Amino acid sequence: MCIRDRIDTNQRIVTKEGKFNIVRKGISFADSFSFYHYLITISWLKFCSLILAAFIIINIIFAFLYLAGGVDNFEGIETTNTFDRFVNEFFFSTQTFTTVGYGRINPVGVYSNIISSIESLGGLLSLALATGLLYGRFSRAYAKILYSEKAIISPFKEFNSFQFRIANMRNNHDMVDVEIEVILSMVENDNRRFFNLKLEYSKISFFSATWTVNHIIDEDSQLNEMTENDLKEADGEFLILLKGFDNTFAQYVNSRFSYRYDEIVWGAKYKYIYGVSEDGRGMVELDRISEYEKVDLNEIIK
């Protein structure tokens, strides 16, 4: 059975979010899982939900421990109803966990003081950990790059070329020394192979507007004499890695993306999206970054 028969060709190597779509086997979950990495990289909704769930569960556990100590272990609880006592001790637990302590309810006796002391220590450590995770998520450096929806095969001088357009979505224009690498992934002779594509420009000093990345399809190109159907049969995918120095974060950031064979328009060129703003400054319309028009290709690729 060939590799194309084993792999779902609807699956891409790099997702639109820049993550590798690879399943790894032969290693245990404990060896591969990093709890810190998981908490740093999950969505804000999942992170906040997890923190809230952990807070509620921990305080429910301590509320049951307080409840198990009996009614004589606390002062300030004015009810004898079990459920109402549990509710009072739950909110006492939240105050102890966060070191707030309003003072209406206080522990009496060795048992309740030991439990509340343990909870206070755990609360201090947990809040420090949550603060560190929150800071780590806010301060994590990442590139915010806008990619054109489609890549194109476009005429370029006497040749054709593979092109896509990108832009820096941040308004600070602080990304410099930007480098890009494009790797063509294809299935050849039942093996998936990877080819580094030579780019017209692989590095720019400033990234303040858009950049049309260009691979010229000449005699030395891996795309030379390939047709649209050839690329489809080879399950072609163009893997993109961009990295640059962001002065705001004072460190290098990177971005990953990919175009599959069915996300490439053969015979097209991007529309001009530059203009002049009302105050006379240069302007680029990023909402039009994906716009293109159909053109005829040079004979070399037909």
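What covers the buried residues of α6? In this predicted model, the cover includes α3 (35-41), α4, β1, α5 and β2. Helices α4 (residues 44-68) and α5 (residues 82-97) also pack against each other, at an angle of about 125°.

**Packing of α4 with α5**

- The axes of α4 and α5 are 8 Å apart, and the angle of about 125° between the helices makes α4 oblique to α5.
- The crossing of these two helices, α4 and α5, is right-handed.
- On the α4 side, the contact is formed by Phe-55, Ile-56, Ile-58, Asn-59, Ile-60, Phe-62, Ala-63, Phe-64, Tyr-66 and Leu-67. Their counterparts in α5 are Thr-82, Arg-85, Phe-86, Glu-89, Phe-90, Phe-92, Ser-93, Thr-94, Thr-96 and Phe-97.
- Sorted by class, the contact of α4 with α5 comprises 13 nonpolar, 5 polar and 2 charged residues.

**Packing of α4 with α6**

- The axes of α4 and α6 cross at roughly 175° and come within 11 Å. Because angles over 145 degrees count as roughly antiparallel, α4 and α6 are roughly antiparallel to each other.
- From α4, the residues Trp-44, Phe-47, Asn-59, Phe-62, Leu-65, Tyr-66 and Ala-68 take part in the contact.
- The contact of α4 with α6 consists of 11 nonpolar, 3 polar and 2 charged residues.

**Packing of α5 with α6**

- The axes of α5 and α6 come within 8 Å and cross at roughly 55°; these helices are therefore oblique to each other.
- Helix α5 contributes Phe-92, Ser-93, Thr-96 and Phe-97 to the contact. These residues meet Ser-116, Glu-119, Ser-120, Gly-122, Gly-123, Leu-124, Ser-126 and Leu-127 in α6.
- By class, the contact of α5 with α6 has 4 nonpolar, 7 polar and 1 charged residues.

**Helix α5: length and burial**

- Helix α5 has 16 residues and spans 22 Å from its first C-alpha to its last, close to the 22 Å expected at 1.5 Å a residue.
- The buried residues of α5 are Arg-85, Phe-86, Asn-88, Glu-89, Phe-90, Phe-92, Ser-93, Thr-94, Gln-95, Thr-96 and Phe-97.
- These buried residues pack against α4, β1 (74-75), β2 (106-107) and α6 (110-139).

**Helix α6: length and burial**

- Helix α6 has 30 residues, and its first and last C-alpha atoms lie 43 Å apart, close to the 44 Å expected at 1.5 Å a residue.
- Burial in α6 involves Ser-112, Ile-115, Ser-116, Glu-119, Gly-123, Leu-133, Gly-136 and Arg-137.

- Asp-177 is located in strand β6 (residues 175-188). Its phi is near 50°, a positive value in a residue other than glycine.
- With 33% relative accessibility, Asp-177 counts as partly exposed.
- Asp-235 occupies the loop between α7 (228-233) and β10 (237-246). Although Asp-235 is not a glycine, its phi is positive, at about 55°.
- Asp-235 is buried, with a relative accessible area of 5%.

**Glu-188 in strand β6**

- Glu-188 belongs to strand β6 and is partly exposed, at a relative accessible area of 26%.
- The C-alpha atoms of Glu-188 and Asp-235 are 9.4 Å apart, while the two residues are separated by 47 residues in sequence.
- Not counting residues up to four places away in sequence, Glu-188 touches Arg-193 and Phe-195.

**Lys-294 in strand β16**

- Lys-294 lies in strand β16 (residues 292-294) and counts as exposed, with 58% relative accessibility.
- From C-alpha to C-alpha, Lys-294 and Ser-154 are 9.0 Å apart in space, and they are 140 residues apart in sequence.
- Neighbours within four places in sequence aside, Lys-294 is in contact with Val-265, Trp-266, Gly-267 and Ala-268.

Methods
Residues numbered from 1 in each chain as written. Predicted model: local features only at pLDDT ≥ 70, side-chain atom pairs only at ≥ 80, totals over all residues. Heavy atoms only, no water. Axes fitted to C-alpha atoms, helices over the stretch in contact; angles between N-to-C directions. Helix = DSSP H or I, 4+ residues; strand = E, 2+ residues; numbered from the N terminus. Parallel < 35°, antiparallel > 145°, perpendicular 65-115°, else oblique. Left-handed = near helix turned anticlockwise from the far one by under 90°. Contact = heavy atoms within 4.5 Å. Nonpolar A, V, L, I, M, F, W, Y, C, P; charged D, E, K, R; others polar. Expected span 1.5 Å × (residues − 1). Buried < 20%, exposed > 50% of the residue type's maximum accessible area, 1.4 Å probe, protein only.
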